[in-house]
Amino acid sequence: MRSIQELQSLKGMVSLVTGGGGNMGLAFCEALAELGSEICVLDINSDKAKGRAEYISDKYSVKTSYLVTDISSEKYVNLAVEELIKFHERLDILVNNAAYAPIQLPPDGFSLIEQNLQQWEAQLDVILKGTFLMSRHCMPELSAHKNGRIINISSIYGAVGPVPRLYEGTSMVNEAHYAAAKGGVIQLTRYLATTMAPTVRVNCIAPGGLQANQPKIFKNKYIESTPMCRMAEPEDMKGAMAFLASDLSAYVTGQVLFVDGGWTVW
């Protein structure tokens, strides 16, 4: 029987993190690199991708690369995976974390009448279509060693409805495209888990609200609605990633792990 330390080791493996230049991307890259995995940072922003790859390489002394790719394009996804394999020679772990399309549109309102179809299409293209395309094009490499792992990133709002009162008195909104896309990611996780087994395990992390530059009135309402009485920090996601990416979860597939401070238990 392997020890916990042996089960959690990712030495000799390669991980690809989409949206790797963002805050959660940092937590995911760090967790994987700390366990010994080589890292490929994929982001649509070249400066963020390059900077994140250099940071991970310097801090953890693991082989690191970066890719600048629009994951809503099948052509570019295919080219990106080819480049990754040329450099790293294998792929073991795919983290589908990319979340927002780089479009410049004002926020929509809560009312469907106010919501912009261009926004809807762009965000579903990245969050849902991008997760599908990345999973499809990485599948042959993930299956090759018969122990691949996909970790999709959803949200509490992929499973429960928004709470409009949280946004009262602020300029923040919660748009339909986000809930639809993140809900789709949860169901896609279940679909992939059954169709890619037994050579690839597919699971999902659903974070709660992350601490950022939200208005104080929003933060206070959110905290009052959360059993743990605080918002999430990116660091809170590291343990979930370490569990699902390693053999600590070797007999776990098709599951959604809510890292939400208890938000979804009410």
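Guide: A residue is called buried if its relative accessible area is under 20%, exposed if over 50%, and partly exposed in between, with a 1.4 Å probe and protein chains only. By that count, 51% of the 266 residues of the chain are buried. The model is predicted, so local features need pLDDT of at least 70, side-chain atom pairs count only at pLDDT 80 or more, and totals for chains, interfaces and linings use all residues. Residues are numbered from 1 along each chain as its sequence is written, and side-chain values use heavy atoms, with hydrogens and water left out.

First, the setting. The chain has 8 helices and 7 strands; these are DSSP runs numbered from the N terminus, helices being H or I with at least four residues and strands E with at least two. Its radius of gyration is 18 Å, close to the 18 Å that the globule rule gives for 266 residues, so the chain is as compact as a globular protein of that length. That radius is taken over C-alpha atoms, and the rule is 2.2 Å times the number of residues to the power 0.38.

Now the rings. Two rings of Phe, Tyr or Trp (for Trp, the six-membered ring) pair if their centres lie within 6.5 Å; planes under 30 degrees apart count as stacked, over 60 as edge-to-face, and the rest as tilted. A search of the whole structure gives 3 aromatic pairs. In one of them, Phe218 and Tyr222 have ring centres 6.0 Å apart and planes at 35°, so this pair is tilted. Both residues belong to helix α7, which covers residues 216-224, and because they are 4 residues apart there, about one helical turn separates them. Phe218 is buried, at 5% relative accessible area, and Tyr222 is buried too, at 3%.

Tyr222 also pairs with Trp263, and here the rings are stacked, with 4.5 Å from centre to centre and 10° between the planes. Tyr222 sits in helix α7 while Trp263 sits in the segment after β7 (256-259), so the pair ties together parts 41 residues apart in sequence. Trp263 has a relative accessible area of 7%, and therefore counts as buried. Together with Tyr167, the residues Phe218, Tyr222 and Trp263 make up one aromatic cluster.

Another ring has a charge over it, meaning that NZ of Lys or CZ of Arg is within 6 Å of the ring centre and within 35 degrees of the ring normal. Here Lys63 lies over the face of Phe87, 4.7 Å from the ring centre.
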